[in-house]
Amino acid sequence: MRPAVYVLHSCALALLLTGLRELLFGFEENRCSMTYMFEQPEYRRIQLPRRVARQYPAYGLYLYGEGLYAQETRGLKLSGAPVLFLPGNAGSYKQARSLGSVALRKAENLDGGVHMNVFTIDFNEELVALYGGSLLRQTHFLHESIRVILRLYKNRPDPPSSVVLVGHSMGGVVARALFTLPRFNPRLVSLILTQASPHRAPVISLDPYILEFYSSVRQRWAAGEEDLRNVTVMSVGGGYRDYQVRSGLTALSCPSDDHNKLSVVVTAVPRTWVSTDHLSIVWCKELVLATVRAFFDLIEPETQQFTEDVEKRISVLNYHFIHHPVQLPGDQPNTLVSFTGTAEAWSEVNTLRVFYSAPKEATVKYFLFALSSRRKAYTHFYCRSSNLEMSSWLFGCTQMNGLLCVQAVDLSGRTELLPAYKVLTVKLDELSTISHLVIDASNPSARQFIVECEWQRDKSLTIPVPVPHVLSFGWTSSDVTINSSGLLHTLQLQHFHQVYQAFRITVMSHCKATKDRLPNIYRMKVPWFRDDSFVTAGIPSVTEMSGMLHMPRHDNTSSALLQLHTAPNCQYKVSVRTSFPKVLGQILRFCGPVLPVYVAVALLLALRRQLCSVLLTGCTVGMREAVAKALQPHKLELPILLLHLLLRQSWFQEGWSTLGLPAVDALPLTPIEDLSQHTAVPEQDWLRLVSLLLCMLGAAVAFWGTTVLSVSLRMMSLILGPLHRPSISRHCGTLQLSLQILLILSLILLGGVTCGALSITASFLLQLYRVLRLQMTERSLSHMLNLAPQKTSENGFSSSSDGQNKLKERIGTSLLSESVLQDVRDDLQLHLCLSTLLTLPVMLSAPSLFYWSRNLRYSVHLDPDPWWPHMVPLLIASVLLINCNTFMLSLSKLMLALTSRLLLPLCVAMVTFSPLHLYRVVHFLSAALTLLATSCYL
């Protein structure tokens, strides 16, 4: 092969590794604090009814406890508010210890005996994100567990009527699936809090069961029935550190008028402001504290159980997870406020800005701002304070007595808590009945803090900044310089509303004086999703932050915002530059699960190249050369683009639906609402550019993966060579027809009785053994013949032009000749290609095989089995292909030509229908191998 081929695939591999590095490591360090237990945690197993225990032998229900509390609850005489933790994919029931331990510590500091009983379910650490066959089983067990928990309180005077569910990862999806059960009473669950749960769609769809499960859950909750409107759901995403479940999938899909469902990313949660990975979201102390505080605020002191008031639940969750205003949940707003203090405590401010530093002594201080002279020139009043006590501090005066305000209304309800201070912005046109604004800067606790306030104009608040094009590769930037005379500036990042966009934003600050200044806070705000992120910077400083999105904007009517809470009389230079590594990371974050489809396409096209070579010359080409020459994206993308253009026509869509054809799978860069709908939705044209990139990455994986597999098999043949008798025949490792039939029947029976993935793995090992025997035969022939070096291609095998003299070499020569060695090498390349293809079904079916092996002590048969009986054609074809060789293929001119022509349409269909249904890749490979097996025997 030419060096350019290696350079091309090396560059593609470098792009893939760059994107993976950005995806896995291109984020801030983990700033979560660890949650520690103060005493030895204990998990007391709850005895289940015999029917439940017999039906679900692998599952269990536990009560969490520590120290004295664990001893007091040994008799299961419980009086607290029940909370049930649900682990996720491969999650342990012991992950509930962070929530349970903090809840116990919180209860110790409260009067009245208010506390929580934290239960947890053992789901046997099942891989439910990869094998969907057990999701419904887990849902039924959850229903039984809730009934068992509520029965523990039946002797209480005020027994709980519902259980609060906390679900991590797939546990949150199972919690919402409860309401799809026909016999489930929705009143048994009033609140669900999910952590990093992929509600919108599965991260990867390896079997149809997980898609059917998601479809039923989505349809149940999208209906918006009244019994679900009383159920409060809070979904928390992990942010960019969570590369397993991207935060866009954690958003809830519910009717727009249902305000009882909330979604937020943990970086936007007040007093948390950190990104968490998929596991640390369970034990992150900042988030656990917010959760426990919310739960205790939801407990009614009279009954010591969770409230049934829907409005109170929303108010509490908004306070702890969304907004964190001054007013505590349940407190009645003060309509009128009166002030105390002498005239010396009052100061009227006539300047445009005020700066006040509270002394160390306890003082009473009020600042008065007259509105009459500011209404025409200014539209907003902005104020911030480093006093983080969430108490009322901004008032609107309604009655004056000289220079003193006698009566006022509280305007502090819209206060926002930021990492370093609290801020508040009020609109002047909403204060028509207010004559003055009053800032309460009193310092009763003798703590020092700083207050800064200013008047602002609407036009000066927002500065439009067009972002660079995603294909600028960081060579150009959008720069803006702010000579700050104000405290707040908002940059509207125009045309920034797609997830494939990623920017490196640099903010340089320079001030002449840095004494007594509050730090800068830079806030990336997305209007259509609560995924705000914050960066705190000193003065002066050079700060870099990332600009990326978790969810795209559907209608492109708004863009992301960058809010700069700045220091006055400073200069700020903001530079926005496209980060190509982060663009690659975003593409892999959203489209990484689709990459096996393009790897399979590259391998199928390589097989097509092998068959064309056999058809023309009678021999094969090297596997790497086949992958390299088969990379022709235009033949793959043009039919798909034409299909999408036709799907935009109503008459074509009607015909498509009439024929009952499945929906076309769009790349996950667009929002996924329902994977089960059977309507053809055309995707945007720019997605085809991403598809071209995925083609290159898939070809690189196939190219270098084949190289690794070839080298590995060569090493294995060296190890196993002494255990086998040397062979000089191309038929080494083949099977007699009767043995083939027996193997086929045995594999089918094995798959039907145990697990289909086990039969797939066994057939792959048989094909691998055939490759190993050919590898050993090739080495034996090379040594026995002691052939002189011949003119070879760069891959180490005879070039395809040598095959033209193949027939001539066979006539009139001895048995052991160069042609015999070439035959073995041709068969080796053919079966190496087949082994590489069979690697994909083995990998895609591995989760169900692992699940079957983990539950083998409970049942020999995997039920349900996603690969049975669909794997039967694949088994038959793989066993029959063991005896296949290039000579047999060359004798089947008609069928071989038909097979080589059909492989390209199969690849087009695979890219069209498999990105969101990865299990279909196995079906397409099964069809291709069936055609190839037919070509060998017909």
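Analyst: A quick definition to begin with: a disulfide is a pair of cysteine sulfur atoms within 2.5 Å. Keep in mind that this is a predicted model.

With that cut-off, a search of the whole structure turns up 5 disulfides. If you number the bonded cysteines of the protein chain in sequence order, the pairing reads 1-2, 3-6, 4-5, 7-8, 9-10.

Let's start with Cys32 and Cys284, which are joined by a disulfide with an S to S distance of 2.2 Å. The link of Cys32 and Cys284 is left-handed, with -85 degrees about the S-S bond. Cys32 lies in the loop between α1 (3-25) and β1 (41-45), while Cys284 lies in the loop between α9 (280-283) and α10 (285-297), so this pair ties together parts that are 252 residues apart in sequence.

Next up is the disulfide that joins Cys397 to Cys405, where S to S is 2.2 Å. Here the link is right-handed, with 110 degrees about the S-S bond of Cys397 and Cys405. Both Cys397 and Cys405 are buried.

Then there's the disulfide of Cys884 and Cys936, with the two sulfur atoms 1.9 Å apart. The torsion about the S-S bond of Cys884 and Cys936 is about -50 degrees, so this disulfide is left-handed. You'll find Cys884 in the loop between α23 (872-880) and α24 (886-891), and Cys936 in helix α26 (residues 920-937), so the pair ties together parts that are 52 residues apart in sequence. How exposed or buried are these two? Cys884 has 0% relative accessibility, so it counts as buried. Cys936 has a relative accessible area of 7%, and it is buried as well.

Now for Cys833. Which cysteine sulfur is closest to the sulfur of Cys833? That would be the one in Cys907, but the two sulfurs are 11 Å apart, which is too far for a bond. Cys833 counts as buried because its relative accessibility is 0%.

One more to point out is Cys755: this residue also counts as buried, because its relative accessibility is 0%.

Methods. Residues numbered from 1 in each chain as written. Predicted model: local features only at pLDDT ≥ 70, side-chain atom pairs only at ≥ 80, totals over all residues. Heavy atoms only, no water. Helix = DSSP H or I, 4+ residues; strand = E, 2+ residues; numbered from the N terminus. Buried < 20%, exposed > 50% of the residue type's maximum accessible area, 1.4 Å probe, protein only.
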